[in-house]
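Dear colleague,

I am passing on the structure below, and I would be glad if you could look through it with the notes that come after it.

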Amino acid sequence: MKFDVIAIGTATRDAFLKSKDFAIVKDKRFKTGQALCVSLGSKIEIPEIIFTTGGGATNAAVTFARQGLKTACITKVGSDVSGETIKRELAKEKIFTGFVRTSEELPTAYSIIMIAPSGERTVLVYRGVSEKLRESEIPWPRLKAEWFYIAPLGGENAKLFEPFVKFAVKNKIKIAVDPSAALIKLGLKKLKPLLRHIDVFKCNQEEASYLTGIPYQKEKEIFKKFDELIRGVAVMTKGPDGLSASDGKFIYQAGTYKEKRVADRTGAGDAFGSGFIAGLIQTGNMEYAISLGTANATSKVEHIGAKAGLLTKPEFKKRFKPLKIKKIKL
């Protein structure tokens, strides 16, 4: 069986808690300069609790499937109710689950997402078995695909990056990467031999600056460096300011769509990355890919849960017009 794309990475069970009593307090003692707080010693009413699934691999896989692509997912879950729920939801989206590994060594990863009235959130994460996927557990001979989408690989999973890249090169599979912090921290010296095989590399401004050693404000210089390192497309996201991307010939600069509301930002990065790749797979057109990825992220943040709001083809075409994109010769 050959797939259009195989998504690789983590899977989690998520619980979203929303309350008017969650307060955001500015305090320099916290690394972000602010904290989500509750009253100590009191009972906090939670009028709404939503159970969903998340994780980079499963989030991306749902985007691909909803866009009509033949999709599989490589991830690891526990032998528990959460793991069964994740596999059941993937199957419901018509995603092949034969590569999902089930283990009794640890429970499925779990996240509790506390959402303030403003939509900002704090995430409590239990990694569980999600970052314990081993090279020996990958069914290598069965991995037949046009694309690999490597979602953030944290913990022990970061060791899988090199084997997946080498396998893809040997079998002429295109590679898209959304790197984890663990992968970025390896630095350019260790990553350089692998990056030259990457077809799409997506990172944020800080990660781009760290890898290239160039201030993120100097976009042209950053993309010239990326073009030396990566054989394909480099994408640099800029939060609410949109993104810039290069195909080696032009830099594409785009803003964002206006959200109807901001309900939850969990999974927005996965939504953009997978939407962008889905657009490239479908059309090979950078501008279409940028519009689809941005629209997918916009629709996602309007809903609670990492998969809620991810777009089908008809939904994208019905609601979203092409983004205004500035094209600059590199």
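Predicted model: local features only at pLDDT ≥ 70, side-chain atom pairs only at ≥ 80, totals over all residues.

Residues are numbered from 1 along each chain as its sequence is written, and side-chain values use heavy atoms, with hydrogens and water left out.

Helices and strands are DSSP runs numbered from the N terminus (H or I of at least four residues for helices, E of at least two for strands). Strand β11, residues 145-150, is mostly covered, with five of its six residues buried, where buried means under 20% relative accessible area with a 1.4 Å probe and protein chains only. β11 pairs in the parallel sense with strand β1 (residues 3-8) over five bridges, pairing being taken as at least two DSSP bridges between two strands, and Ile-150 is the bridge partner of Ile-8. Strand β12 (residues 174-177) also runs parallel to β11, joined to it by four bridges, and here Phe-148 stands opposite Ile-175.

Together with helix α3 (residues 161-170), β11 and β12 make a right-handed β-α-β unit; right-handed here means that, with the strands pointing away from the viewer, the path from the first strand over the helix to the second runs clockwise. The buried residues of α3 are Phe-161, Pro-163, Phe-164, Val-165, Phe-167 and Ala-168, and they pack against elements including β1, β6 (71-74), β11, β12 and α5 (187-195). Just after α3, Lys-172 takes a positive phi of about 55°.

Leaving aside neighbours within four places in sequence, Val-200 is in contact (heavy atoms within 4.5 Å) with residues including Trp-147, Ile-175, Val-235 and Leu-280.

Lastly, β4 (34-37) and β10 (121-126) each supply at least two residues to the lining of the second largest pocket, and the largest share, three residues, comes from β4. Among the lining residues are Ile-24, Phe-30, Gln-34, Leu-36 and Arg-121.

With best wishes

Note on methods. Buried < 20%, exposed > 50% of the residue type's maximum accessible area, 1.4 Å probe, protein only. 1 Å grid on protein atoms, 1.4 Å probe; cavity = no way out; pocket = protein on both sides within 12 Å on 5 of 7 lines; lining within 4 Å.
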